[in-house]
Each structure stands twice: as structure tokens, then as C-alpha cells.
Amino acid sequence: RKIEGTTNHTTMKVDQLVLIAIICIATTVTAKENCRCRFKNGTIPEQRQAALNYVCQYWDCSPINKGGKYFFPDTLESHSNWAINFYYENVTQHCDFNGAAAEVCEDCKCMIAVNDTVALNEIVNYICSAPESPKTDCSEIRPGGDHYEPNTIYNHANWAVNAYYQPRLWCHECCDFGGIAQLSPKVCQFGPN
């Protein structure tokens, strides 16, 4: 491609710069895609609250306010983890918060830990009709859906808990369901040490 009034040498430099910028952007997005910032185990509530206050003082925390997309679960643990992860993803890739937080760079999955048919039915019903956002589209486990087969409550529940958890990766408590589900691998379950 030739830019009006330039030489081929200049065009080549512009194209090279564009290519380098695209590679840098793609590398940055890929590097962040599987990582999130979470508080370490044992972080005291005062540290969590201070970080939450700091982030929400300067940036938009409406998603974790009442009526917001990520209000539930309405706990200090969930809201503070959302806030530091938001800061990490949108402001800087620095995740420390005075030594209280660290990156978790694992492919975390929420999985059923207990095969209790009644509880699994309740979980699937809850997830597929949960009032909070982001809503989980359960068409995948309905007849004709990609995850309908094998047609067992265990498999449907396993899909549902992970589908519920994935938009909430910063929130390990979003994969609990009264002890019926757990995160895998273990670092996802217990957070960074």
C-alpha cells in the first residue's frame, strides 16, 4: 500500500509500525486473558475495604452496586475482588495492593463435587432462572443444545455451574453452591497464598 506523497521506504516503515502495534496489542490481550487479580487467603476485611474504597473513588463501580451486573454475591469478598480485578484489567496490570493480592493465571473451571440429584436439580433451576446478571443462557443444556447429551442432571449441572462462574472469574465464592461445586485446579479454589 502506498501513501500519497511518500516513498516505498516510508510506506514500509508505516506498515512495519502498524504490524508491531498489532502484535503488541494482541500479546497484551492474550497475556491478560487467563489472569485475574485476587486477594490472597487471609486478607483482613480492612485491607479489602480500603482497596474497594480506593478503586471506587476513582473508577466506576456501578457493576457491583445494587442493581448492577455483578452485585451478587453481595459480599465484601466478592466486591473487593471485583474492584481490584477491574483495576488490574483496566488501569494497570499491576496486582499487589500492598502485598495483599496476587495474580491467578490458571484456567479455572467450576465443577460439581457432590452428586446429589435433588441439590443438582435445584442448582440448575436456580442458574437457569437467576434474577441477577449476567444471565446464564441455558439453551446449551436443553434438547437440541450442544451440551444436552449426555442427558443427565450431573452433566447438565456441571455445565451450568461453570457457565455461571466463567463471567465471574474474580469471585471464587461464585463456585460453591452450598458446597456442591468447587473450583479446579486448587489454586483457583483457595486463591493465591
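Reply: Let us begin with a definition: a contact means heavy atoms within 4.5 Å.

Me: What share of the contacts with a separation of 6 or more comes from residues 24 or more positions apart?
Reply: In the protein chain, such residues account for 68% of those contacts. Please note that this is a predicted model, in which local features need pLDDT of at least 70 and side-chain atom pairs count only at pLDDT 80 or more, while totals for chains, interfaces and linings use all residues. Residues are numbered from 1 along each chain as its sequence is written, and side-chain values use heavy atoms, with hydrogens and water left out.

Me: How many helices and strands are there?
Reply: The protein chain has 6 helices and 4 strands. These are DSSP runs numbered from the N terminus, with helices (H or I) of at least four residues and strands (E) of at least two. Along the sequence, the pattern reads α-β-α-α-β-β-α-α-β-α.

Me: And how much of the chain is buried?
Reply: Of the 193 residues in the protein chain, 36% are buried. Buried means under 20% relative accessible area, exposed means over 50%, and partly exposed lies in between (1.4 Å probe, protein chains only).

Me: Which residues of H3 are buried?
Reply: They are Ser 78, His 79, Ser 80, Asn 81, Trp 82, Ala 83, Ile 84, Asn 85, Tyr 87 and Tyr 88. His 79 has 9% relative accessibility and therefore counts as buried. Leaving aside residues up to four places away in sequence, His 79 touches Leu 52, Ile 64, Tyr 70, Phe 71, Pro 73 and Asp 74.

Me: At what angle do H2 and H3 cross?
Reply: The axes of H2 and H3 cross at roughly 45° and come within 9 Å. H2 is therefore oblique to H3. Axes are lines fitted to C-alpha atoms, for helices over the stretch in contact, and angles run from 0 to 180 degrees between N-to-C directions. Angles under 35 degrees count as roughly parallel, over 145 as roughly antiparallel, 65 to 115 as roughly perpendicular, and the rest as oblique.

Me: What about H4 and H5, then: at what angle do their axes cross?
Reply: The axes of helix H4 (residues 117-129) and helix H5 (residues 153-165) cross at roughly 40° and come within 9 Å. On the H4 side the contact is made by residues including Leu 120 and Ile 123, and on the H5 side by residues including Ala 157 and Val 161. The residues of this contact divide into 11 nonpolar, 3 polar and no charged. Here Ala, Val, Leu, Ile, Met, Phe, Trp, Tyr, Cys and Pro count as nonpolar, Asp, Glu, Lys and Arg as charged, and the others, Gly among them, as polar.

Me: Changing topic: which residue is joined to Pro 150 by a cis peptide bond?
Reply: That residue is Glu 149, and omega is about -5°. Pro 150 lies in the loop between H4 and H5. A cis peptide bond also joins Ser 184 and Pro 185, with omega about 0°. Most residues other than glycine have a negative phi, and most peptide bonds are trans.

Me: Where is Phe 97, and what is its phi?
Reply: Phe 97 lies in the loop between H3 and strand E2 (101-104), and its phi is near 45°, a positive value in a residue other than glycine. Asn 98 is placed in the loop between H3 and E2, with a positive phi near 55°.

Me: Are those two buried or exposed?
Reply: Phe 97 is buried, with a relative accessible area of 17%, whereas Asn 98 counts as exposed at 76% relative accessibility.
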